[in-house]
Protein chains: 2
Amino acid sequence: MSLSKNEIKFLKSLHLKKKRDLEKLFVVEGVKMVHEALESMHFDVQGIYHLEGYQHPKMSEVASHQVSITELERISGLKSPNQVLAVIHQRKNTALNTDTDKLILLLDNLKDPGNLGTIIRTADWFGIDQIVCSPETVEMYNPKVVQASMGAIFRISLCYEDLVKSIRSLQDQSFKVYGAEMHGENAFTTKFPVKSAIVMGSESHGLSEEISELVSSISIPRFGGSESLNVAMATGILTAQYKMQH
Amino acid sequence: MSLSKNEIKFLKSLHLKKKRDLEKLFVVEGVKMVHEALESMHFDVQGIYHLEGYQHPKMSEVASHQVSITELERISGLKSPNQVLAVIHQRKNTALNTDTDKLILLLDNLKDPGNLGTIIRTADWFGIDQIVCSPETVEMYNPKVVQASMGAIFRISLCYEDLVKSIRSLQDQSFKVYGAEMHGENAFTTKFPVKSAIVMGSESHGLSEEISELVSSISIPRFGGSESLNVAMATGILTAQYKMQH
C-alpha cells in the first residue's frame with residue numbers, strides 16, 4: 001500500500017504551523033516519541049506511518065500505514081527519519097486549574113522552541129503538571145518543542161491564555177505569584193508557600209511591565225560575569241528551589 | 001581595501017575544526033561577542049573584519065579590516081552576519097588548578113555544542129572559573145559552543161585532559177568528587193564541602209564505568225515522568241545547590 005501524492009502533500013504540510021492550526025493536527029517522529037503518543041491518556045493518535053518491521057502493542061488501535069523508506073523520507077521533517085511518524089489530534093486548549101497544590105509555571109512570550117521544550121521536559125521531571133503560556137509564546141506543537149520535550153509534551157498540560165488574567169485568578173485562590181527578574185528577592189533564601197506560581201519572561205525582553213507590577217520579583221543570585229541565564233535554565237533552577245522545600 | 005580570494009578562502013576554512021586545530025585560531029561573530037573578545041584578558045584577537053561604521057575603543061590595537069556586506073556574508077558562518085567577525089588565537093591548553101576553593105566542573109564526553117556552551121554560560125553566572133573536559137568532549141571553539149556561551153568562553157578556563165587523572169589529583173588535594181547519576185545521594189539534602197567537584201556524564205551514556213567507580217554518586221530527585229534531565233540543566237541545578245551553601 002503506497003501513499004498517494006495528495007496524502008504525501010498533506011502529511012508534509014503539517015510541518016507548517018498554519019496548516020497545523022487549520023487541521024488541529026500535529027506530527028511526531030521516531031520510535032520513542034510515537035510510543036509516548038500511543039501511551040498518552042491526553043492525546044488521540046490519528047494514524048501512524050511506519051517501516052516494515054515496526055511493532056507496537058497499540059498500533060492496531062490506530063490507522064497504521066506501512067510505508068517504504070523513500071515515502072518516510074518524503075513525509076518526514078528530519079534529516080534521517082526514524083522508522084515511524086505519527087499524526088496526532090491537538091488537544092483542546094484547557095483552562096488553568098487553580099484547585100491544586102502544585103507549583104504552576106507561567107511563560108510570558110517565550111519565542112525559542114528549544115527553550116519551551118526543555119522547560120516542559122524539566123517541569124515533568126519535577127512533577128509539575130501545568131504550564132500557562134501567553135498567547136504570543138511559541139506554539140507547543142512546533143516540531144522543535146515536541147522534540148526538545150523528549151515526550152513530556154504528552155504528560156503535561158499546557159494552556160495558552162492571557163497571563164494577566166491567569167495571575168489574577170491564581171492570586172484570588174491565594175497563590176503567591178513570583179516573577180523572575182534581575183533584581184528581586186534572593187531565590188536561594190526565599191521560603192516558597194506550597195501554593196506558588198512563577199512567571200518567566202521572554203528571552204530578549206524579560207517580563208512585560210504590566211505583569212512585572214502584579215508579581216513578587218525573585219532572582220537567582222549572580223556570582224560571575226554572565227549577564228543572564230538561559231530562560232530554560234533559570235526556570236529549572238527556580239523549580240528545583242521550590243521542590244527542595246516541598 | 002577588499003579581501004583577496006585567498007583571504008576569503010582562509011577565513012571560511014576556520015569554520016572547520018580541522019583547520020582551527022591546525023591554525024590554532026577560531027572565529028567569533030557579532031558586536032557583543034567581538035566586544036567580549038576584545039575585552040578578554042585571556043585571549044588575543046588576531047584581526048577583525050567589520051562593516052563601515054563599526055566602532056570599538058580597542059579596534060586600533062588589532063588588525064582591523066573594513067569589508068563590504070558582500071564580503072562579510074562570504075566569510076561569515078551565520079545566515080545574517082552581524083557587522084563584525086573576529087579571528088582569535090586559541091589559548092594553550094591550561095592545566096587543572098587544584099589550589100582553589102571554588103567548585104570545579106568536569107565533563108565526561110559531552111557531544112552537543114549547545115549543551116557545552118550553556119554549561120559555560122551558567123558556570124560563569126555562578127562564578128565557577130574552571131571546567132575540565134575529557135578529550136572526547138566537543139571542541140570549545142566550535143561556533144555553536146562559542147555562541148551558546150554568550151561570551152562566557154572568554155572568561156572561564158576550560159582544559160581538556162584525562163578525567164581519571166584530574167579526579168585523582170583533585171582527591172589528592174582533598175576535594176570531594178561527585179558524579180551525577182540516576183540513583184545517587186539526594187542532591188537536595190547533600191552537604192557539599194567547600195572543596196567539591198562534580199562530574200557530568202555524556203548525553204547518551206552517562207558516566208563511564210571507570211569514572212563512576214571513582215566518584216560519589218549524586219542525583220537530582222525525580223518527581224514526574226521525564227526519564228532524564230538535559231545535561232546542561234542538570235549541571236546548572238547541581239551548581240545552584242552548591243552555591244546555595246557556599
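## Ground rules

Two residues are in contact here when they have heavy atoms within 4.5 Å of each other. This is a predicted model, in which local features need pLDDT of at least 70, side-chain atom pairs count only at pLDDT 80 or more, and totals for chains, interfaces and linings use all residues. Residues are numbered from 1 along each chain as its sequence is written, chains are lettered from A and ligands numbered from 1 in the order in which they are written, and side-chain values use heavy atoms, with hydrogens and water left out.

## A residue to start from

Let's begin with A:A180, which sits in strand β8 (residues 176–186) of chain A. Helices (H or I, at least four residues) and strands (E, at least two) are DSSP runs, numbered from the N terminus. Setting aside neighbours within four places in sequence, A:A180 is in contact with A:V199, A:M200, A:L207, A:I218 and A:L238. A:T94 lies 86 residues away from A:A180 in sequence, and their C-alpha atoms are 25 Å apart in space.

## Two domains in chain A

Chain A is assigned domain 1 (5–89) and domain 2 (104–245), with bounds that come from an automatic or database domain assignment. The centres of these two domains, taken over C-alpha atoms, are 30 Å apart. Their contact draws on 14 residues of domain 1 of chain A and 12 residues of domain 2 of chain A. About 1,100 Å² is buried between the two domains, and carbon and sulfur atoms give 64% of that area. Buried area is the accessible area (1.4 Å probe) that two parts lose on being put together, summed over both.

What holds charged partners across this boundary? The rule finds 2 salt bridges between domain 1 and domain 2 of chain A, a salt bridge being a side-chain nitrogen of Lys or Arg within 4 Å of a carboxyl oxygen of Asp or Glu. The side chains of A:R20 and A:E139 form a salt bridge, at 2.6 Å from N to O. On the domain 1 side, α2 (17–23), β1 (25–29) and α3 (31–39) of chain A each supply at least two residues that touch domain 2. The largest share, 4 residues, comes from α3(A). By class, this side of domain 1 has 6 nonpolar, 2 polar and 6 charged residues; Ala, Val, Leu, Ile, Met, Phe, Trp, Tyr, Cys and Pro count as nonpolar, Asp, Glu, Lys and Arg as charged, and the others, Gly among them, as polar.

## How the two chains pair

Chain B can be laid on chain A with an RMSD of 0.0 Å, by a turn of 180 degrees and a shift of 0.0 Å along the axis. That is the relation of a two-fold axis. The superposition is by least squares on the C-alpha atoms of residues with pLDDT of at least 70 in both copies. The same surface serves both copies, since 100% of the contact residues of chain B recur in chain A.

The contact takes 32 residues from each of chain B and chain A. The area buried between the chains is about 2,900 Å², with 66% of it from carbon and sulfur atoms. B:R121, B:W125 and B:M233 supply 27% of the area that chain B buries against chain A, more than any other three residues. Between the chains there are 0 salt bridges and 16 residue pairs in polar contact (both at pLDDT 80 or more). A polar contact is a pair of N or O atoms within 3.5 Å; within protein, one must be able to donate a hydrogen and the other to accept it, and residues adjacent in sequence count only if both atoms are side-chain atoms.

Which elements of chain B face chain A? Helices α3 (31–39), α5 (113–125) and α9 (231–245) of chain B each supply at least two residues. The most, 8 residues, come from α9(B). The side of chain B that touches chain A has 14 nonpolar, 10 polar and 8 charged residues.

## Local details

Over all chains, the count comes to 20 salt bridges. One joins A:K32 to A:E36, with the closest N and O atoms 3.1 Å apart. Because A:K32 and A:E36 are 4 residues apart in helix α3 of chain A, about one helical turn separates them.

A:K24, in the loop between α2 and β1 of chain A, has a positive phi near 55 degrees and is not a glycine. A:Q83, in the loop between α4 (69–75) and β4 (84–89) of chain A, has a positive phi of about 65 degrees and is likewise not a glycine.
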